[in-house]
Amino acid sequence: MLLLALACITTSLGCNFGSGGPETVPVSGKVTYRGKPVEGAIVQFKPVGGEPAQPAVGKSGVDGVFQLTTREFAGAVAGKYQITVMKYESKQPAAAEKSSATGPSGENVEEKYTPPDDNARPAPGPKNMLPAKYADASKSGLTADVTPRGPNEFDLELVD
């Protein structure tokens, strides 16, 4: 009986700390830009003044709704945050070209390898589809105070 009670106490303590992780609370919200939901926005809550020590991040769905996680744990640690929101353009891969050519008699002929040009400029990185100010926590103007008791729902209305 004593072992059963000890097992229950140990189990309940483990649940509170998520296997050694920070104590988090559920945090969600909705991202809109120009009045419309933003799909695929990366929302990051950055701690103000270093406390809590863990940033939290989430990605919005088709309806603009996001839920935060801290490392692999659901939610965010209670505290004050500055918020960044970014959405990167997704480039569709080019249509696959044939890997072999056909010779004059109809047989397959291997294409010649062309080495990359060492003097070529690197391809530009993905483009942020939202106003640049939202990518910088100190300029976004977006803040949140995550409380232990909630509700911790933050609607982020982005404007130009």
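Predicted model: local features only at pLDDT ≥ 70, side-chain atom pairs only at ≥ 80, totals over all residues.
K80 is partly exposed, with 49% relative accessible area. On this scale, buried means under 20% relative accessible area, exposed means over 50%, and partly exposed is in between, using a 1.4 Å probe and protein chains only.

Residues are numbered from 1 along each chain as its sequence is written, and side-chain values use heavy atoms, with hydrogens and water left out.

Salt bridge here means a side-chain nitrogen of Lys or Arg within 4 Å of a carboxyl oxygen of Asp or Glu. In general, side chains of opposite charge can pair when their charged atoms come close. How many salt bridges does a search of the whole structure find? The search finds two.

Next, the overall layout. The chain has two helices and 12 strands. Helices (H or I, at least four residues) and strands (E, at least two) are DSSP runs, numbered from the N terminus. In order from the N terminus, the elements run α-β-β-β-β-β-β-β-β-β-β-α-β-β. Of the 160 residues in the chain, 28% are buried. The chain exposes about 11500 Å², and carbon and sulfur atoms supply 56% of that area. Accessible areas come from the Shrake-Rupley method with a 1.4 Å probe; for residues, only the protein chains shown count as cover. Contact means heavy atoms within 4.5 Å. Among contacts between residues at least 6 apart in sequence, 67% join residues at least 24 apart.

Now strand 12, residues 153-158. Which residues form its covered face, and which its uncovered one? F154, L156 and L158 are on the covered face, while E153, D155 and E157 are on the uncovered one. Strand 12 pairs with strand 1, residues 28-33, in the parallel sense over six bridges; two strands pair if DSSP finds at least two bridges between them. Within this pairing, G29 has F154 as its bridge partner in strand 12.

On to the core. A nonpolar core is a set of buried Ala, Val, Leu, Ile, Met, Phe, Trp, Tyr and Cys residues joined through side-chain atoms within 4.5 Å. The largest one has 24 residues, of which V31, F45 and V85 touch the most other members. At least two residues of this core come from each of strand 1, strand 3 (42-47), strand 8, strand 11 (143-146) and strand 12. Beyond four places in sequence, V85 is in contact with residues including V31, L130, L142, L156 and L158. In soluble globular proteins, nonpolar side chains tend to be buried together.

T84 lies in strand 8, residues 79-86, and counts as buried at 0% relative accessibility. Leaving out residues up to four places away, T84 touches I42, V43, Q44, K46, Y134, A135, D136 and A137. T70 is in strand 6, residues 69-70, and is buried, with a relative accessible area of 0%.

Last, the backbone. Most residues other than glycine have a negative phi, and most peptide bonds are trans. R34 has a positive phi, near 55°. R71, in the loop between strand 6 and strand 7 (73-74), has a positive phi of about 55° and is not a glycine. Where is the cis peptide bond? It joins G150 and P151, with omega about -5°, and P151 is in the loop between strand 11 and strand 12.
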